[in-house]
Amino acid sequence: MPDTSRPHISHPGTTNNVDYLIIGAGVAGLRAAATLADHGDVLVVTKEALGESNTNYAQGGIAVALSGPEDIALHLKDTEYAGDGLVHRPAAEILVTEGPRRVEELIQWGANFDRHGNELLLAREAAHSLPRILHANGDATGAEISRALLAHARQHPRIHFADWTMLHGLIVKDNRVIGATLLTHTDAPNPALQRISARATLIASGGAGQVYSDTTNPAVATGDGIALASQAGAELADMEFYQFHPTALALPGVPRFLLSEALRGEGAYLRNAQGERFMERYHELLELAPRDVVARAIAREGIAVDSASGASIELPVYLDLRHLTSIDLTERFPGISRFLAQHNLTLASDLIPVRPAAHYLMGGIRTDLDGRSSLKGLYAAGEAACTGVHGANRLASNSLLEGLVFGARAAGAILADALPAEEPQQSELETQHGSEPLDAEAQAIAAELKTMMWRHAGLLRDEAGLRSGLDLFWPMLERYESLADKAQPTRAIIETGSLLETAWMILKSALERKESRGAHFREDHPKRNDAQYAQHSIVNDEGVVLYEPLG
Ligand SMILES: Cc1cc2nc3c(=O)[nH]c(=O)nc-3n(C[C@H](O)[C@H](O)[C@H](O)COP(=O)(O)OP(=O)(O)OC[C@H]3O[C@@H](n4cnc5c(N)ncnc54)[C@H](O)[C@@H]3O)c2cc1C
């Protein structure tokens with residue numbers, strides 16, 4: 001359960017000026033706050049209750065090489081292999097070498113990872129060449145990390161939180177981000193729009209899984225930080241690379257609950273509708289092949305064409321753990337077991353129906369190795385950022401580590417840059433009440449968009465599909481724009497705008513990359529093409545896609 005308590009909550013109405021503004025209270029935002037608070041006042045803004053974030057739902061664990069240089073070198077090799085020729089090596093080197101220090105620090109701050117006696121327990125996940133995943137409470141690693149970081153932050157008098165408050169826009173003056181407009185009290189009937197100035201603003205607002213109809217991500221993951229940074233003029237990178245997790249629960253009417261990779265790490269098989277283990281036809285690592293390979297294999301096994309009518313038929317694909325009799329699966333996976341029990345399923349005795357679902361955005365706000373975006377005063381870390389660390393495909397359990405490592409580095413860069421304080425902003429702006437019919441229309445547009453994205457920019461892409469997606473996109477945008485012109489800012493209006501912006505970036509970048517690499521699979525260009533595309537895609541502020549190295 002997310003942490004819903006409200007210590008130190010100071011809605012920005014009480015101030016219009018802060019040293020450091022952080023958008024997002026997941027692992028990246030909270031880790032950055034811990035460093036910045038020793039040097040100034042920090043306001044951490046979060047869209048819902050504290051702790052409601054992708055971080056909170058992370059199950060499997062955090063990958064880290066704790067046994068010295070050889071282990072670190074192997075972690076780098078695995079990260080690069082999964083990233084399919086696009087990992088920005090300096091970023092990955094930083095991740096694996098600074099990771100152990102950051103995790104040890106987190107343990108000192110009170111994070112309890114599972115142990116046998118004093119020994120930390122290590123799990124194995126797909127594409128890791130050995131067990132190196134720390135986990136907590138079996139399958140609730142993110143919740144424990146979130147708990148520990150929040151507890152640490154609460155002890156700091158200079159960290160303030162504004163929950164149920166969302167980024168509405170960035171304020172840019174002379175090419176520098178000098179603050180933001182925030183919509184506060186979004187849980188109340190009449191939210192308020194306020195301006196706040198800051199010496200530096202860090203976007204740590206996570207991913208955008210909600211741009212797809214099928215996703216493991218919670219409702220807050222609508223790509224707001226990425227979209228609003230782009231609108232302010234920041235460059236984005238690698239937006240075509242969306243990772244689809246292979247195994248989300250596939251029950252009609254039930255959200256796509258994640259069934260962690262750690263289940264396959266413990267030895268679970270994948271079976272098709274005929275009960276056949278099929279991964280040997282797709283990859284030598286079988287069920288532990290990289291995520292993109294497994295996700296596409298499940299997508300292919302999960303569909304058949306009716307020979308009489310030519311229509312597609314959906315077929316079930318299952319996770320099978322029934323042979324793992326030496327493991328107490330309820331003890332090892334308590335959260336997953338509890339959720340499945342609500343649907344009368346048991347890991348030890350049932351075949352569990354699965355489908356891929358949108359999970360993690362490798363792309364995001366283009367940053368250097370220290371979180372600096374292309375706009376002065378604006379920094380990004382965690383899933384909202386793109387350092388190139390994951391390349392075209394993230395290695396399982398590398399993103400919690402990314403949040404710790406690059407959250408800390410972004411804070412370091414903010415302090416090093418030491419930008420001067422800005423004039424306080426006029427605090428409160430005029431707003432009237434939002435209108436329910438306009439919110440409902442915005443939500444309807446968002447629902448159509450998600451279905452379109454799943455169909456046209458999902459796991460298996462081609463030019464015709466992506467172009468049809470764009471054809472459907474423009475009328476949705478037009479409808480949204482005429483709505484947004486007359487609407488008061490509300491959560492629904494802001495989120496739908498962000499989803500549209502993010503969707504366009506994904507469609508456009510996916511159309512331009514005429515090759516298959518990592519999570520981006522083009523049926524019309526099924527091979528990797530290093531001669532033309534061994535670079536990162538950058539969408540600049542004019543919406544043009546360029547290919548460049550990351551710096
Ligand atoms: C079900 C699931 C399981 C996962 N399992 C693992 C795993 O085992 N290991 C692993 O390494 N990774 C895992 N991941 C991925 C990982 O959890 C995320 O990539 C990572 O936690 C992202 O951290 P973050 O700090 O960048 O963003 P998040 O944790 O997503 O935090 C984003 C924050 O920004 C806030 N926010 C969003 N928009 C706004 C706005 N407009 N205004 C204000 N605030 C805003 C949110 O409220 C939230 O506080 C999993 C993800 C999911 C969804």
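**Salt bridges and the domain interface in the predicted model**

In this predicted model, the side chains of Arg277 and Glu287 meet in a salt bridge, with an N to O distance of 2.7 Å. Both residues are placed in the loop between β14 (269–271) and α8, where they stand 10 residues apart.

A search of the whole structure finds 42 salt bridges, among them one between the side chains of Arg528 and Asp84, for which the N to O distance is 2.6 Å. Because Arg528 lies in the loop between α14 (491–512) and α15 (530–533) and Asp84 in the loop between α3 (69–82) and α4 (89–108), this pair ties together parts that are 444 residues apart in sequence. Arg528 itself is partly exposed, with a relative accessible area of 39%.

A further salt bridge is formed by Arg479 with Glu441, the closest N and O atoms being 3.4 Å apart. Here Arg479 belongs to helix α13 (residues 463–486) and Glu441 to helix α12 (residues 436–456), so the pair ties together parts that are 38 residues apart in sequence. Arg479 is partly exposed at a relative accessible area of 30%, and Glu441 likewise counts as partly exposed, at 29% relative accessibility. Elsewhere, salt bridges that share partners join Asp84, Glu240, Arg513, Glu515, Arg517, Arg528 and Asp530 into one network.

The protein is divided into domain 1 (245–357) and domain 2 (435–548), whose C-alpha centres lie 28 Å apart. Seven residues of domain 1 are in contact with seven residues of domain 2. Between them the two domains bury about 570 Å², of which 70% is on carbon and sulfur atoms. On the side of domain 1, the most area is lost to domain 2 by Asp292, Arg296 and Arg300, which together account for 67% of what that side buries.

Between domain 1 and domain 2 the count is one salt bridge, and the side chains of Arg300 and Glu523 meet in a salt bridge at 3.5 Å, N to O. Two residue pairs are in polar contact between the domains, both at pLDDT 80 or more. On the side of domain 1 that touches domain 2, α8 (291–301) and β18 (351–361) each supply at least two residues, and α8 gives the most, with five residues. The residues of this side divide into four nonpolar, no polar and three charged.

Helix α8 also contains Arg291, which is buried, with a relative accessible area of 6%. The side chains of Arg291 and Gln243 are joined by a polar contact of 2.8 Å. When residues up to four places away in sequence are not counted, Arg291 touches Glu125, Gln243, Phe244, His245, Pro246, Glu261, His359, Asn393, Arg394 and Ala396.

Another buried residue is Ser337, with a relative accessible area of 13%, which lies in helix α10 (residues 334–341). A polar atom of the Ser337 side chain lies 2.7 Å from the backbone oxygen of Phe333. With neighbours within four places in sequence left aside, Ser337 is in contact with Leu329, Thr330 and Leu347.

Terms used
Residues are numbered from 1 along each chain as its sequence is written. Side-chain values use heavy atoms; hydrogens and water are left out. Domain bounds come from an automatic or database domain assignment. Contact means heavy atoms within 4.5 Å. Buried area is the accessible area (1.4 Å probe) that two parts lose on being put together, summed over both. A salt bridge is a side-chain nitrogen of Lys or Arg within 4 Å of a carboxyl oxygen of Asp or Glu. A polar contact is a pair of N or O atoms within 3.5 Å; within protein, one must be able to donate a hydrogen and the other to accept it, and residues adjacent in sequence count only if both atoms are side-chain atoms. Helices (H or I, at least four residues) and strands (E, at least two) are DSSP runs, numbered from the N terminus. Ala, Val, Leu, Ile, Met, Phe, Trp, Tyr, Cys and Pro count as nonpolar, Asp, Glu, Lys and Arg as charged, and the others, Gly among them, as polar. Buried means under 20% relative accessible area, exposed over 50%, partly exposed in between (1.4 Å probe, protein chains only).
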